[in-house]
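Q: Hi! Could you walk me through this structure, one piece at a time?

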Amino acid sequence: FGEEEALKRVRELQLMFPERFYLEMNRTGGSEWDRINKFYIEASKITGAPLVAANNVHYIAQDDQVAQEVLICIGSNKTLQDESRFRLGSDQFYFKSGEQMHALFKDVPGVCERTLEIADRCDVKFKLKDDQGKAIYHLPTFPTPEGVNVTDDIRARAFAGLEERYKEAAARGEAVPEEKKPDYIKRMDYELGVIDKMGFSSYFLIVQDFINWAKTHGIPVGPGRGSGAGSLVAFSLRITDLDPMPYSLLFERFLNPERISMPDFDIDFCQDRRHEVIAYVTEKYGQENVSQIITYGKLQTRAAIKDVGRVLGMTYAEVDILSKLIPEKLGITIQDAIDSEPRIKELMDQNPQINTLIELALKIEGLARNAGIHAAGVVIASQPLVKLAPLYKGADGEQVVQFDMKWAEKIGLIKFDFLGLKTLTHIQNALDLIEENRGKKITPGEIPITDNGIYTMMTKGDTAGVFQFEGDGITDAVRKIRPKTFEDITAINALYRPGPMDMIPEYTKRMHGEKEVEYLFPDLEKILKETYGIIIYQEQVMQIAQEIAGYSLGEADMLRRAMGKKIAEEMQKQKIRFMEGANAKASTKRKPQSFSTSWRNSRTTVSTSLTRPLIVSSRRRPLG
């Protein structure tokens, strides 16, 4: 703009934002700001628009300037020596104190005070809890028929769905015995009560709606995985396709009435058509209310060293020597490496360039390198997300919440998982080819899991294309265990994880009668009989806590969570609770002598001991 055009624009903005339009002055260096600041002072005199002091902040301390330039070079794939690289042009883009700002603008009275004036106008609060102290969730209310609330709607749908499941089971020759149906009704009433009390009726209805929409539009959907498979309501609503009752799957692992936490269904869709389901919920709940979730790629220890070395113009060989000195230790930092590996300190003392590399790498380690989009998470909110969180545009124009998954949940946004699974795509392609070449139309649900051919094929090692069973290691485990039932397949899937896989030989010997099955306490036989006395599933841990120490299933779930998160303080409390409960219940003549736990990895696999090591994993059901 020329000056006249700029003045015209100032007056237009004053009309648009009366009493709250300011002209922002910066003194961060650079001749262009000298010219702009001079114009602003004159424009303020002419238009009356007030001046305000500001300082663009790109880093906290002045000596972080080089580290910030290194980050820019990493992001743009440049070196510091590259003349074409982007530069801010000075070292003044740091967070200045009030005293520094007053000194910088001492010739323009009042401009620093106006920053406080603007600050006083700002009043943003995150209301995370209601007046009763309950967490606030920004979940849309599922549209129900006129005069019907979500509590009544989900109840009607769930019981109608259960009747349909009864009929389907009978048609397959697997009818639910009449004497067991009261147990189903009791479980359904209990689950619906918990769901309603926790305020998640709409959540279940929203999930069943887009899953059933996908199914009616020919989009392959997985049968359900994770803790959600423990819900009979989910089974009745066709969110999952596994009846939890015969497998002793526990609802409390999904929704714990004694600990408020967000539900989380792991939902698999055909990889090629997943986007259609996201488009459906976007249209139904409004584009402004639906968003994907951001992820941040962070500069980890070795990556920080390698990237800084490249930016400094060092050769790969020079940086590789340093990188290989970093000890192989999970979660190690650069400072940890310096403290534990003397040769790194020696190189820093001998080579100034190495010293500079390490100093810069220390500054950028752990910082965000790039932004991406969560592979599965989608937020569906009750109002435009711009009112709840900052937004970001993805590479293909996607609307993305700038809070990552953890922080999005903290402000009450509920994540729905839309996982794209290539196995479902391959299964559908196979079924299409069967129909095309054999003239026979079948669905995965029509293939009985009691078919002996399935287990004969897998025992031979023919597991290519079988979800979670394609690796050489697990295929070898299948050959050794020689599964004959679906329960055997489930056990293999749970055992084949770091730590528990050490128990595969013991499990195999017990299964094939080569070794006697033993139980730590006689009372455990009814819980562990199906797994030959070895604890494999987290549900078994919960049932044992209930049986031996009188835990409620809600309490037992909190024990399981404490074990999973390695919370030492909480585990000490649980030890006291377990021992007191076991002694009070006096369910066995033998008393537990110790109670220690440690998770083996982050995939819900745990090694625990009461008086000897036990192996525990979640009941994650494989796809056929």
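**Around R561**

Q: Let's start with R561. Which helix is the place of R561 in?

A: R561 has its place in helix α24, which spans residues 553–565. Keep in mind as we go that this is a predicted model.

Q: What is R561 in contact with, leaving aside its neighbours within four places in sequence?

A: With those neighbours set aside, R561 is in contact with R259 and S261.

Q: And what separates the C-alpha atoms of R561 and M571?

A: They are separated by 9.8 Å, and the two residues are 10 residues apart along the chain.

Q: Okay, new topic: helix pairs. How do α6 and α7 pack?

A: Helix α6 (residues 150–171) packs on helix α7 (residues 181–198) at an angle of about 155°, and their axes are 11 Å apart. An angle over 145° counts as roughly antiparallel, so α6 is roughly antiparallel to α7. In passing α7, α6 makes a right-handed crossing.

Q: Which residues of α6 and α7 make the contact?

A: On the α6 side they are T151, I154, R155, A158, F159, L162 and Y166. From α7 come K181, Y184, I185, M188, D189, L192, I195 and D196. Sorted by class, this contact of α6 with α7 has 10 nonpolar, 1 polar and 4 charged residues.

Q: What about α20 and α21, at what angle do they pack?

A: Helix α20 (residues 486–495) and helix α21 (residues 504–511) pack at about 160°, with 11 Å between their axes. The pair is therefore roughly antiparallel, and the crossing of α20 and α21 is right-handed. D488, A491 and L495 of α20 make the contact with I504, Y507 and M511 of α21.

Q: How do the residues of that contact of α20 with α21 divide?

A: There are 5 nonpolar residues, no polar ones and 1 charged.

Q: Now α11 and α15. At what angle do their axes cross?

A: The axes of helix α11 (residues 301–311) and helix α15 (residues 352–364) cross at roughly 125° and come within 9 Å.

Q: Why are α11 and α15 called oblique to each other?

A: Roughly antiparallel needs an angle over 145°, and roughly perpendicular covers 65 to 115°. The crossing at roughly 125° therefore makes α11 and α15 oblique to each other. α11 passes α15 in a right-handed crossing.

Q: Which residues meet there?

A: A304, I305, V308 and G309 in α11 meet L357, L360, A361 and I364 in α15. By class, the contact of α11 with α15 has 7 nonpolar residues, 1 polar and no charged ones.

Q: Let's switch to strands. In which sense do β1 and β2 pair, parallel or antiparallel?

A: Strand β1 (residues 23–26) pairs with strand β2 (residues 51–54) in the parallel sense, over 4 bridges. N26 stands opposite A54 in β2.

Q: What does the chain cross through from β1 to β2?

A: The chain goes through helix α2 (residues 31–47), and this β-α-β crossover is right-handed.

Q: How many strands form the open sheet?

A: The open sheet has 5 strands, in the order β6-β7-β4-β5-β8, and the pairing is mixed.

Q: Which strands stand at the edges?

A: β6 (391–393) and β8 (415–417) stand there, each with a single partner strand, so one side of each is left without a neighbour in the sheet. On average, neighbouring strands of this sheet are turned by 55° against each other, direction ignored.

Q: Can we take the pairs in turn? How many bridges does β6 share with β7?

A: β6 pairs with strand β7 (residues 399–401) over 3 bridges, in the antiparallel sense. K393 has Q399 in β7 as its bridge partner.

Q: In which sense do β4 and β7 run, parallel or antiparallel?

A: β4 and β7 run parallel, joined by 2 bridges. Q292 has V400 in β7 as its bridge partner.

Q: Last one: how many bridges join β4 to β5?

A: Strand β4 (residues 290–298) is joined to strand β5 (residues 368–380) by 8 bridges, and the two run antiparallel. G297 stands opposite N370 in β5.

Note on methods: Residues are numbered from 1 along each chain as its sequence is written. This is a predicted model: local features need pLDDT of at least 70, side-chain atom pairs count only at pLDDT 80 or more; totals for chains, interfaces and linings use all residues. Side-chain values use heavy atoms; hydrogens and water are left out. Axes are lines fitted to C-alpha atoms, for helices over the stretch in contact, and angles run from 0 to 180 degrees between N-to-C directions. Angles under 35 degrees count as roughly parallel, over 145 as roughly antiparallel, 65 to 115 as roughly perpendicular and the rest as oblique. A crossing is left-handed if the near helix is turned anticlockwise from the far one by less than a right angle, and right-handed if clockwise. Contact means heavy atoms within 4.5 Å. Ala, Val, Leu, Ile, Met, Phe, Trp, Tyr, Cys and Pro count as nonpolar, Asp, Glu, Lys and Arg as charged, and the others, Gly among them, as polar. Two strands pair if DSSP finds at least two bridges between them. A crossover is right-handed if, with the strands pointing away from the viewer, the path from the first strand over the helix to the second runs clockwise.
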